[in-house]
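Please keep the sequence and the three-dimensional view at hand while reading.

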Amino acid sequence: MRHSNGQRRLDHYHPATSESVDTLTTTTTGSQHTVYAEVVEVEEYELGSDVEPAEAQGTLKLTSRRSIHSGPRRRARDETKKEIQVDDEASLRDLLISLQKQVSVMSMNLSAKLDELQRGDRHYETTVALCDIRTQLQELTKSVESCQSEVSEVKRDMVAIKHELDTVQQVKEEIEELREYVDRLEEHTHRRKLRLLEQGLTFFLSYAILAAVLGMLQFGYNTGVINAPEGNIEYFMKDVYKSRYGEDLADEEVQRLYSLAVSIFAIGGMLGGFSGGMVANRFGRKGGLLLNNVLGIGGACLMWFTKVTNSYEMLFIGRFIIGVNCGLNTSLVPMYISEIAPLNLRGGLGTVNQLAVTVGLLLSQVLGIEQFLGTNEGWPLLLGLAICPALLQLILLPICPESPRYLLITKQWEEEARKALRRLRASNQVEEDIEEMRAEERAQQAEASISMMELICSPTLRAPLVIGVVMQLSQQLSGINAVFYYSTSLFASSGLTDESAKFATIGIGAIMVGMTLVSIPLMDRTGRRTLHLYGLGGMFIFSIFITISFLIKEFFGYVQEMIDWMSYLSVVSILSFVVFFAVGPGSIPWMITAELFSQGPRPAAMSIAVLVNWLANFLVGIGFPSMKNALENYTFLPFSVFLAIFWIFTYKKVPETKNKTFEEILAIFRHGNGRNSFRDSRLYGSMLNCVNALEGHLPVEQAGLVHGEEKGDSFGNPFDHNTEELQLFDSAYSAKNLFPSRAHSTYAFYSGT
């Protein structure tokens, strides 16, 4: 026997048969498996009877090749298929059945051939080779079974993906239902808001506002009353000091005492304004105003009897107490009016605050001239007349109802709130107002009893608080108080006589009243932000003109005609300065601070804003004389710088609140700070209201989607998505990122990992 390259030479055999088992090649395209079956070639030589084994010619050639190759699994290109094609599964199943049949046939053929060879008492080596073939066939069978098991696992994963895609489709349908509900809610609330905008001014509402704004008239009167009798008060202080100590008081000391009498009013205002929120929550808006009149009467009486007691200290105490009274008024009155006023009249009625202030200023200026009470004998009565607004309010206000918002939201007295609304609206149809208050209450449940520290630390409320504070500063640091407190001396320094200066001061009050009346209809037509920008811009321009007129008067003081011309320019500039103040900064800061906050944080916010207002008032009142002496003709230049800064801030940060509910204004800052996000508040009230209403009816998964924005969920708020975003949401939603634990094997199968 001779061996060569796997072939055996059998001398005693003759070729009898030559068979070839065809190559079996099966490809499963669905799972990318290729199976190459065995290639067996057998050449048999039959043993002759007359031939020696050593001489037998014959060749038995066995060639076996096995290759099982699992091709790369194709990565899934579309992870978000919504259903599994039935045809693909059938095709995969048919291929597997065909593979099994072919392997079975091959195994039978080879087994039969092996049995035949064994029966023929073939050589030992041939038997070993055939046993090796059998082993390889067994391994091939195991590989096919493994492939079948893997295909079954893939099928199970595909079924799981189908279930998950069905879940995604269900979530999408629920989101669409929510969107439809929100659309209906928007339509309903839009109609309700239109009905609110149709409410008009009634007799009892006018009466309540008139009774409330007497507190602001008190504020305006005591702000301007100290101006005209400046010389008389200084003379009184000198006389008292000389009678006590037997020596004359220096002019600088007299000026310092007078500045203290002016500025201590602002110190009391700071205290009253800061405590306004506490008083409003404890006693109510109306109740706080009624109690406040006790301070007004006490302070007025102290100032009235100053000369009788021959004590200027009593003047200081009276000014301080009346300052506390006015500070409480500046906090309580705007709050009360903003809460009882209809939505479409809130701007105009809020301007009535400033109208009362200007009327009080004008009244104090008219009564302060020498023809009336601006004399050495009459000025105590001039100061003591502050008792009149307090007494009048004590008579008128008890008939007025308490704030309906305070009754409903703070005290939870719904029936009392309905009665108050029926009186104020002169109608029994008050459900729109009740629903609007309920919406505000739901939106502010977490902030129902917010403190000042919580207000400062709240991210949502910090932005409106900053805006409210800056708006108050824009009123006081504009330089208007320098005009109110020292207008007579300003006009005198411009070249007017003392008598003309006093009449020019009266002109300031008259202009304030007239321009405030003009701004009332403009407030709800043009808007708060627009009028404030006009007012700050005009004040900035005319503050520059005031400075220029002072400089020209100094440089050309030797020319009489130039002096006269500059005097008129200075007076016109100061009066124009006052005109633009009345248009915007005079009334808007008081009103917009109450509008920027809902019922819960409103008292605390008003307290902080009023405190800042009075603090700035105090700084201007006590610091302007020193600043005037230091800067001389450049006295108004710092105010010009402040006006420019406030104009830029208003343009960049302050939103428009015209015809917006408290919830819509809150939505501006809830969905993104600043006026640029105002488009997000087109729904009536905060979107949180409808979420709260639906929360109890949603499944767990859908509730998670709704609260996604608040909790940082990756889905976010479904109401913020447009149609394209929803489509993107659908296409990106896969088994890997929705159900990672269940879809790991499926994802691995598709990605080839």
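## Overall architecture

The model described here is predicted. Its chain contains 31 helices and eight strands. Of the 753 residues in the chain, 52% are buried. The chain exposes about 34,500 Å², and carbon and sulfur atoms supply 57% of that area.

Contacts can also be viewed by how far apart the partners lie in sequence. Among contacts in the chain with a separation of 6 or more, 80% are between residues 24 or more positions apart.

## The nonpolar core

The largest nonpolar core has 129 residues. Within this core, the residues with the most contacts are Leu455, Phe491, Ile508 and Phe577.

## Buried positions in helices

Thr223 is placed in helix α3, which covers residues 203–224. Its relative accessibility is 4%, so Thr223 counts as buried. The C-alpha atoms of Thr223 and Ala266 are separated by 9.1 Å, although these residues are 43 residues apart along the chain.

Asn232 belongs to helix α4, residues 230–245. Is Asn232 buried or exposed? Asn232 counts as buried because its relative accessibility is 14%, which is under the 20% limit for that class. Not counting residues up to four places away in sequence, Asn232 touches Gly374, Thr375, Asn376 and Trp379.

Gly277 is found in helix α6, which spans residues 276–283. With a relative accessible area of 4%, Gly277 is buried. Its contacts, leaving aside neighbours within four places in sequence, are with Ser331, Pro603 and Ser607. Between the C-alpha atoms of Gly277 and Met335 the separation is 9.7 Å, and the two residues lie 58 residues apart along the chain.

## A nonpolar surface patch

Phe540, Ile541, Phe545 and Ile548 make a nonpolar surface patch of about 320 Å². One of these residues, Ile548, is found in helix α20 (residues 528–555). Ile548 has a relative accessible area of 35% and is therefore partly exposed.

## Cysteines

How many disulfides does a search of the whole structure find? The search finds zero. In general, a disulfide is a covalent bond between the sulfur atoms of two cysteines.

Cys301 is partly exposed, with a relative accessible area of 26%, whereas Cys326 is buried, with a relative accessible area of 0%.

## Salt bridges

A search of the whole structure finds 14 salt bridges. One of them joins the side chains of Asp248 and Lys242, with an N to O distance of 3.6 Å. Asp248 is exposed, at a relative accessible area of 59%, while Lys242 is partly exposed, at 45%. In another salt bridge, the side chains of Arg256 and Glu253 meet at 2.7 Å, N to O. Arg256 and Glu253 both lie in helix α5 (residues 251–274), where they are three residues apart, about one turn of the helix. Glu253 counts as partly exposed, at 36% relative accessibility.

Glu414 forms a salt bridge with Arg418, and the closest N and O atoms are 2.8 Å apart. Both Glu414 and Arg418 lie in helix α14 (residues 414–425), four residues apart, about one turn of the helix. On which side of the burial limit does each fall: buried or partly exposed? Glu414 counts as partly exposed because its relative accessibility is 29%, whereas Arg418 is buried, with a relative accessible area of 13%. Glu414 and Arg418 also belong to a network of salt bridges that links them with Glu431 and Arg438.

Technical notes. Residues are numbered from 1 along each chain as its sequence is written. This is a predicted model: local features need pLDDT of at least 70, side-chain atom pairs count only at pLDDT 80 or more; totals for chains, interfaces and linings use all residues. Side-chain values use heavy atoms; hydrogens and water are left out. Helices (H or I, at least four residues) and strands (E, at least two) are DSSP runs, numbered from the N terminus. Buried means under 20% relative accessible area, exposed over 50%, partly exposed in between (1.4 Å probe, protein chains only). Contact means heavy atoms within 4.5 Å. Accessible areas come from the Shrake-Rupley method with a 1.4 Å probe; for residues, only the protein chains shown count as cover. A nonpolar core is a set of buried Ala, Val, Leu, Ile, Met, Phe, Trp, Tyr and Cys residues joined through side-chain atoms within 4.5 Å. Patches are made of residues with over 30% relative accessible area and no salt bridge: like charges are joined within 9 Å, nonpolar side chains (Val, Leu, Ile, Met, Phe, Trp, Tyr) within 5 Å. A salt bridge is a side-chain nitrogen of Lys or Arg within 4 Å of a carboxyl oxygen of Asp or Glu. A disulfide is a pair of cysteine sulfur atoms within 2.5 Å.
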